[in-house]
Every structure is written in structure tokens, then in C-alpha cells.
Amino acid sequence: MNQQDYILSIDHGTQSVRAILFDLQGNIAVRSRVPIQPYYSTEPGWAEQDPEYFWKSLAQACCQLWQKTDIPKEAVRGVTLTTQRATVINVDASGKPLRPAMVWLDQRVTKGIKPIGGLWGGLFKLGRLEKDIARLQSETEVNWIKVNQPEIWQETYKYLLLSGYLSYRLTGNFLDSTGNQVGYIPFSVKKMDWAGPRHWSWQAFPVERQQLPELLPPGALLGQVTPEAAEETGIPVGLPVIAAASDKACELVGNGALEPHIACLSFGTNATLNTMQPKYLEVIPPLPPYPAAIPGAYNPEIAVNRGFWMVSWFKKEFAHYEQQIAAEKGIEAEELFDELVNQVPAGSMGLVLQPYWMPSFKAQGPEAKGAIIGFGEIHTRAHLYRAILEGLAYALLEGKEKTEKRSHIPITEVRVSGGGASSQAALQITADVFGLPVYRAHTYETSALGAAIVAAVGLHLYPDFKTAVKAMSRLEAVYTPDSQRHEIYSQLYKRVYLEMYSRLQPLYSDIQKITGYP
């Protein structure tokens, strides 16, 4: 193992693409970031993007990377990729996209889908799961395409996640990692392979087996960079492309969260709580956990959809002053938001927010909506911003309690990553709400770091994951809870927050009936 070896890790997220060279101690040698438009919408609730735009953004990030460094390309031992989850792309036999990618934020539904029949249908009826399965079917992208664009589906040679599409663009192979299989596809997390031929998921997600890519475990070789990909990206021809996993799965590895008593919070577009479990565990039955970035492990997850997207929403709607000051100082407006938080005491003087801006199938019904209660004449936008951070922390705390109840393993430590982890105020609020120490890794780029760690093991630069994590990941900062603030949060959480959804649900249903939204 040469100390001058590097791994190129590409993190294709929802709002940006990052190309990063890591050394074998987990340090960032050079980094390039290209902001991307997450999606465009031609209809309410739709979220689509041109697949070629995704690829061109990746290529741009890589080309910028080489321009920023004099590290010789021959020092790069391999390349790996981690991506946003559940974005799907239809391609023909030549690999050409047939329609825009349906981004994971897409909320369209398909009505009139034939219910699952046979033995499975009877079992679902017996278990009172008919409505849940019908909802899954209605939200499945492939059902929408087959009903509304049958000519597209007839031409579809491969039905790929974004990870599989970008891997194809890099290698020319229709291969993907088991660690990326997140979405409405017939994948068996227990088997870490496509579901058996008689499984109900082939009826719910009616794609043909031959339309799906072959799967390999994280750390496996997906192929080598093709001359065409090398010309567009500047990545050396023939460089090994190593399978990693989805962004959330890689974040756990990048945070060193390899034990089930450690919760990994992701403060990203989606706010999530994940743990690494050695055994298959459904936190909210019957929904499965996600595949981990470590072969044979599982990541049960609680998600707050559009979690830290709410910071962007606040910035757009209420932070014009901060945007002006930030522009004058040449910094990001979010860097000034901690000043807003610190103007307000714990509990936001009774302002409590429920962050269901986009309902999660795992936690709420389709009628769920966001709510803010407790307004008075004393409240300002500073109170609102702090209430956003507190509401997200409450939702994640609820996820922690559900995970502990199902796993029978107390969570004693919290590690945080994602863009929101750059906010010291958000980290301190999380520690105070959870009543636990909150740790931040030495880099915010924990997803890309996790992918690099997986690649280092796959390239045999380290013998196993524990060794690689110990060498490449370390904790840099800790935020300890304040007992007085924790007591305030505990009371608000138990007596107010946990009561909000059940009490407001009938009103949400009426809103949906009256307005038709969402």
C-alpha cells in the first residue's frame, strides 16, 4: 500500500455532484462540486430530469477536479460512485434514455391499477394490507409508464436506477451494486438479489427480470472506465470502477457507524436516521430495511422527506436579508442562519413544527401535511427557523425510539452528516433533543468517504471494513446535551409533538377531500 495512492469518489446527490480524491487516510486531497437543478416539473407533483444532464454534470465535476490538482492520474487506484436513491431511467438496447428520469421526489400516482391476485392477494386481504399494497402500486413509476406511455415501456431494454445508468456510462456494462437497490423494484433485501419469480413484488412492480441489471455486492468490480467515458470525464482509461452503495448507506460507513447502538443521522434533502444491523430488521413492518454498504448487513431507516430541504425553503421564502448580506460577504446565506437560531430560546417559545412537508410511506398516511402550532405575536422568523430545526430533531427522535423498540438495542451515540451538519446550532439542538452526545466526522463528505472506504476494501488496499474505517474515518467534534434544554424538549416532545399527528389527521383528511391536494 503506497501512501501516495488515491481513490476517486463521485457523489451524485440531489442538489450537486461532487468529485473527490481521497488519500488512504480519508483526507480530501482535492474536491470539485457542480450544483445541479434537482428536477423540473411540467405537472404538479412531477419531478423529472434529463439523464444526459446527470451524466454531463458528473463529467463536468471530474474535469474541474483534474484542473484543480497536480496529483498524477496514475496515483488514482480506482473510482467509485454513490448516488441519490430511487431515481429511475428507461434506456433502449444502445443505452440511450427513452424518456426523462423520474426523480425520487416525484409524487405522481396511477389510478385503477389491478389489485394483486392469487395467494398473495388473499394474504394481503387477511393481513389487512390491501390499502398499503394498493398505495405502493399507485406510486410505482413503472406502473405509471406502462399505463401512460406504453410505447416507451415496449422499447425499454433496461430499467435502471441512477446508479446503474451512471455505472453503465462509465463502464459500458449493465451492472449495479446490491447496495443501491432502493425504490419500487422487485428486490429482495433478505436475499440481496432480485426477488424470486413467484414473489408478489413482480406484480406490484411489473418489470421483467431481463430488463434489470445484474447485481454485484459492494466492493466488487463493475468494470473499467471506457475510452468514451475517459474522454468526457478525464478519468484514465481502464481505471477499475468499484461498486459502492447509495448515499445514505455510504454515510454510515463514512461516519464509522458500524454497530447497531450508533445512530447515523443524515441532514440532507431527506433527513434520515439509520443504523447498521447485522440481521434483517423491519422497523416499521412489513417494510424492509435498506441494503447496507457492507455486504450482508442491513440499514433500517426512518426518513423525514424533504427534511433539510426545509432550510432551502426558509431561505427562499424568509431569508432575503441574509441572502443580501451573504452576497456582500461572498459566503453562503446558511452560514448566517445560526445567528437566527441563537436569538431564540429552546422550545421556540411554544412554536412547534411537524415536518411532514412531504409524507413518508413509512410513517404517515398520504393525507399528512406539515403543521406549525403555537403562534403568538411574539414570534418572528427566527422562532420559525429554530422551530424547523427542532421539529426535524423531534421526528428523528421518534425514529430512534421506533428503532430501539424493534431492535431491542438502546441507541447510545449519535453521529451526524449531510449538508445540515455544517450548522453548529442544528447539531446542538439535536444533542439537546436526544439527550445524547452528537458527533461529527472529520469531513462533511461522509457519503463520498464511505464509498471510498468500500472501494479501498474492494481494491485490497485494506483487508476488511473495520480496518479501513479505523484508518480513514475519525470523529472531529462532539456536542453534548444541556440538561435544562433537554428537559424542555422532552416535555414538548412527549406532550405536544407526539400528539399532533393523531389529533390533526382528521383535518388533514378533510383538507385532501376538499382541495384534492396532494
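A cavity is a set of points, on a 1 Å grid over the protein atoms alone, where a 1.4 Å probe fits but cannot get out. Its volume is the space filled by probe spheres set on the points, which are joined across faces, edges and corners.

This is a predicted model: local features need pLDDT of at least 70, side-chain atom pairs count only at pLDDT 80 or more, and totals for chains, interfaces and linings use all residues. Residues are numbered from 1 along each chain as its sequence is written, and side-chain values use heavy atoms, without hydrogens and water.

**Exercise 1.** Describe the largest cavity.

*Solution.* Start with the search: four cavities of 30 Å³ or more turn up in the whole structure. The largest holds about 50 Å³. Next, list its lining (an atom within 4 Å of a point). Among the lining residues are Tyr 159, Asp 176, Gln 181 and Trp 194. Strand 8 (residues 158-161) gives the largest share, three residues. By class, eight are nonpolar, one polar and one charged.

**Exercise 2.** Is helix 6 mostly covered or uncovered?

*Solution.* Apply the cut-off: buried means under 20% relative accessible area (1.4 Å probe, protein chains only). In helix 6 (residues 162-171), 10 of 10 residues are buried, so to speak mostly covered. They include Arg 169. Gly 172 follows, with a positive phi near 80 degrees.

**Exercise 3.** How do helix 9 and helix 15 pack?

*Solution.* Take the axes, lines fitted to C-alpha atoms over the stretch in contact. For helix 9 (residues 247-254) and helix 15 (residues 446-458), they lie 7 Å apart at about 80 degrees. The helices are therefore roughly perpendicular (65 to 115 degrees). Contact (heavy atoms within 4.5 Å) involves residues including Cys 250 of helix 9 and Leu 449 of helix 15.

Notes:
1 Å grid on protein atoms, 1.4 Å probe; cavity = no way out; pocket = protein on both sides within 12 Å on 5 of 7 lines; lining within 4 Å. Helix = DSSP H or I, 4+ residues; strand = E, 2+ residues; numbered from the N terminus. Nonpolar A, V, L, I, M, F, W, Y, C, P; charged D, E, K, R; others polar. Buried < 20%, exposed > 50% of the residue type's maximum accessible area, 1.4 Å probe, protein only. Axes fitted to C-alpha atoms, helices over the stretch in contact; angles between N-to-C directions. Parallel < 35°, antiparallel > 145°, perpendicular 65-115°, else oblique.
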